[in-house]
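The following exercises concern a single protein chain. Each task is followed by a solution in steps.

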Amino acid sequence: MDRAEIVHQNFLSRVAQGDLPTLGALKAAEAGLDHAALIQIFRAQVLSRQLDRISRKMQAEGQGFYTIGSSGHEGNAAIAAALRPTDPAFLHYRDAAFQIARAGQIDGQDPLTDTLLSFACAMEDPISGGRHKVLGSKALNIPPQTSTIASHLPKAVGAAYSIGLARRVPPMSAQYAPDAVAFCSFGDASLNHSTAQGALNTAAWTSYQNVPLPLIFVCEDNGIGISTKSPAGWVAANLNPRVGLEYIACNGLDIVETFAATTRAAQIARGRKKPVVLHSRCVRLYGHAGPDVEAAYRPKSEIEAIEADDPLLHTAARLLGEGAATKNEILDIYQEIEAQTSRAAREVIKRPRLQTAAQVMASIVPPKREAPRPNAPSSEAREASFGAADMRAFAAPQPMNKLINLGLSDLMLTHPEIIMAGEDIGRKGGVYGITKGLQARFGEARMIDTLLDEQSILGLAIGLAHNGFIPMPEIQFLAYLHNAEDQIRGEAATLPFFSNGQFSNPMVLRIAGLGYQKGFGGHFHNDNSLAVLRDIPGIIIGCPSDGAEAVKMYREALRLAREEQRVVVMIEPIALYPMRDLHREGDGGWMRHYPEAGERAPLGTLGISGQGEDLAIVTYGNGVYLSEQARPEIAADLRVIDLRWLAPLAQSALLEAVSGCKRVLIVDECRKTGGQGEALAALFAQHLDVPVATYAAEDSFIATGPAYGATLPSRDGIIAAANALLRR
């Protein structure tokens with residue numbers, strides 16, 4: 001007999017015998033629960049338990065595909081009962097009882113069928129469309145999470161922040177009530193993850209400054225992470241005291257105590273706009289998941305002691321002790337729901353499942369939405385906002401740094417739902433002055449100087465997007481992205497996929513990066529690898545080559561976020577920020593005029609300079625500048641093709657752009673391994689019958705000092721590579 005069956009039989013026999021845990025001292029009426037509410041919570045707990053049991057049977061029959069259960073954590077049904085269904089909830093993967101209890105607060109919900117459909121990976125699964133077993137529901141304000149290891153905590157902080165922000169800055173389409181509370185749950189093992197610690201620190205840092213943050217964290221402490229135990233007392237010692245966070249502990253096995261503790265937490269979060277950590281002690285039944293043999297690392301006596309502390313037994317004791325139900329009524333509820341679950345499972349496994357790549361990939365890109373608005377403010381609005389110096393700048397050629405500054409100002413002036421956030425972007429105006437003056441112009445609420453934590457910056461952006469804002473976060477340097485990249489890969493990019501397009505978190509992420517900074521920073525300020533971004537499904541990557549291109553691309557990036565709900569990553573080439581001259585000092589060859597209102601660089605288009613047929617140079621960013629520098633020294637009729645958008649590659653446009661050229665040279669300032677050059681070479685090899693060569697950066701980090709460019713493509717290197725190819 002497996003452990004699930006043992007726990008099942010224990011419940012039946014102990015209820016029948018009246019062998020139940022001691023009742024907690026707090027009475028249901030004192031906590032605000034009547035008999036009907038107690039029964040409703042119990043039914044949610046039982047349904048969660050029966051779903052866990054049936055998931056294992058479905059897997060054994062080859063009809064179910066997920067067995068990480070919620071057994072032992074069913075007390076979180078009482079947490080849901082103490083909150084509102086309009087409160088956004090970012091759930092731990094063991095919180096099925098929470099979702100079931102919340103479903104009971106809204107008419108027309110069928111959590112039994114919905115959950116079984118997700119177990120079966122049926123296309124009719126109402127949250128993921130059969131792509132993954134996830135907790136989530138649009139109607140219940142529960143964005144889907146996969147097997148989260150604390151990666152959802154930063155966006156919960158962002159969502160909570162957005163609730164207060166929406167009182168001062170109107171989002172494009174607010175999703176949360178003005179008095180909503182963001183809820184976020186996680187396990188005791190996940191508490192140790194740097195992402196969890198960063199989110200808790202960010203919440204405390206925010207609260208310490210008296211910034212509104214209506215947020216409830218719940219640490220569901222079952223004392224073990226897969227097979228590794230949490231040290232006794234560790235969770236409480238870690239969370240209490242923590243400056244800026246209210247700490248409340250409860251026995252998560254007792255639904256009355258849990259309801260009362262959550263009610264208190266909600267009063268603090270909702271009333272005082274302060275973050276709260278609720279430490280709920282519970283147990284884990286059956287092991288981590290279906291294949292996990294708990295007896296391999298836990299003695300039998302310990303397993304049996306945990307099973308004796310089954311939260312359903314505690315609730316049964318509560319129902320009996322409060323006079324809410326008899327033993328027979330408790331058993332009737334349990335067995336009735338067991339029978340309902342078995343019957344429904346037999347029907348669900350007949351439903352169709354995803355079969356093709358097209359079906360699986362259909363929700364990678366979220367659906368479009370109506371959000372039209374001009375891409376530039378009127379001249380009158382601009383004159384009222386900009387000073388005389390900036391107005392003169394619109395009329396004269398400028399370097400990239402100034403044009404991006406003007407372009408971002410224009411966008412923020414036109415779109416009040418844009419929120420920028422990052423390290424030093426406000427008062428200082430960014431390390432390179434790109435956002436200089438924007439905080440004075442648009443205020444601290446829209447130009448947020450964040451703490452130094454990239455995970456929290458991206459989490460803030462995701463949370464803001466959940467509530468209808470268009471965030472434009474900044475990562476100060478490309479190398480700084482890597483310790484936070486999962487917020488894009490595992491959270492922002494996956495949300496439409498795992499919600500079948502029902503949820504999205506559009507944003508425009510700005511990152512200063514790439515090489516060629518003379519004598520400054522070395523690798524950490526000159527990272528030239530985009531590989532970590534290129535393989536993320538659904539995101540868009542842009543890299544402008546001059547200031548006018550940057551303005552037009554940012555207009556398009558914002559349109560993509562607002563109208564197509566896309567995640568766009570813009571890589572700004574640091575070395576081109578101040579670039580004025582092309583061939584000789586003072587020639588002004590790389591300065592550009594500010595683009596006319598409405599001019600964009602649409603996704604899927606290229607920048608093409610020249611119509612030569614001897615050689616096409618395909619490149620981007622600094623490569624465009626270097627190729628134009630090299631042009632006079634290349635003995636050929638030349639065209640330079642600026643990719644603009646690195647992902648997705650505009651394959652059809654690219655093949656058309658090189659059509660008729662006798663040779664193609666790929667210039668990639670990123671490394672040979674993992675760079676854009678690999679995909680371009682493969683594309684041309686499949687479709688062209690002309691010589692193709694690649695000139696890319698070495699597989700090396702970038703040095704500081706005189707050797708800053710030694711491993712990167714250069715003007716002279718492009719000349720040599722082009723002339724060598726012309727001899728073929």
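Two residues are in contact when heavy atoms of theirs lie within 4.5 Å. The model examined here is predicted.

**Exercise 1. Contacts along the sequence**

Task: State what share of the contacts in the protein chain with a separation of 6 or more comes from residues 24 or more positions apart.

Solution. Step 1: consider the contacts whose partners have a separation of 6 or more. Step 2: within this set, residues 24 or more positions apart account for 79%.

**Exercise 2. Overall dimensions**

Task: Compare the radius of gyration of the protein chain with the value for a compact globule.

Solution. Step 1: for 728 residues, a compact globule would have a radius of gyration near 27 Å. Step 2: the protein chain has 29 Å, which agrees with that value. Step 3: along the principal axes, the C-alpha atoms fill a box of roughly 95 × 55 × 45 Å. Step 4: as for cover, 61% of the 728 residues count as buried. Step 5: the accessible surface is about 26,500 Å², and carbon and sulfur atoms contribute 52% of this surface.

**Exercise 3. A helix**

Task: Determine how far helix H7 reaches and whether its residues are mostly covered or uncovered.

Solution. Step 1: the protein chain contains 27 helices and 21 strands; H7, one of the helices, spans residues 153-165 and has 13 residues. Step 2: at 1.5 Å a residue, 18 Å is expected. Step 3: from first to last C-alpha, H7 reaches 19 Å, close to the expectation. Step 4: H7 is mostly covered, with 13 of its 13 residues buried, that is, each under 20% relative accessible area.

**Exercise 4. Nonpolar cores**

Task: Describe the largest nonpolar core and one of its residues.

Solution. Step 1: this core has 72 residues, and Phe183 and Leu116 are among those with the most contacts inside it. Step 2: helix H3 (residues 35-60) supplies the largest share, 11 residues. Step 3: beyond its neighbours within four places in sequence, Leu116 is in contact with residues including Leu51, Ile54, Met58 and Val348. Step 4: a second, separate core of 58 residues includes Ile404 and Leu582.

Terms used: Residues numbered from 1 in each chain as written. Predicted model: local features only at pLDDT ≥ 70, side-chain atom pairs only at ≥ 80, totals over all residues. Heavy atoms only, no water. Helix = DSSP H or I, 4+ residues; strand = E, 2+ residues; numbered from the N terminus. Expected span 1.5 Å × (residues − 1). Buried < 20%, exposed > 50% of the residue type's maximum accessible area, 1.4 Å probe, protein only. Core = buried A, V, L, I, M, F, W, Y, C linked by side-chain atoms within 4.5 Å. Rg over C-alpha atoms; globule rule 2.2 N^0.38 Å. Areas by Shrake-Rupley, 256 points an atom, 1.4 Å probe, with all protein chains shown as cover.
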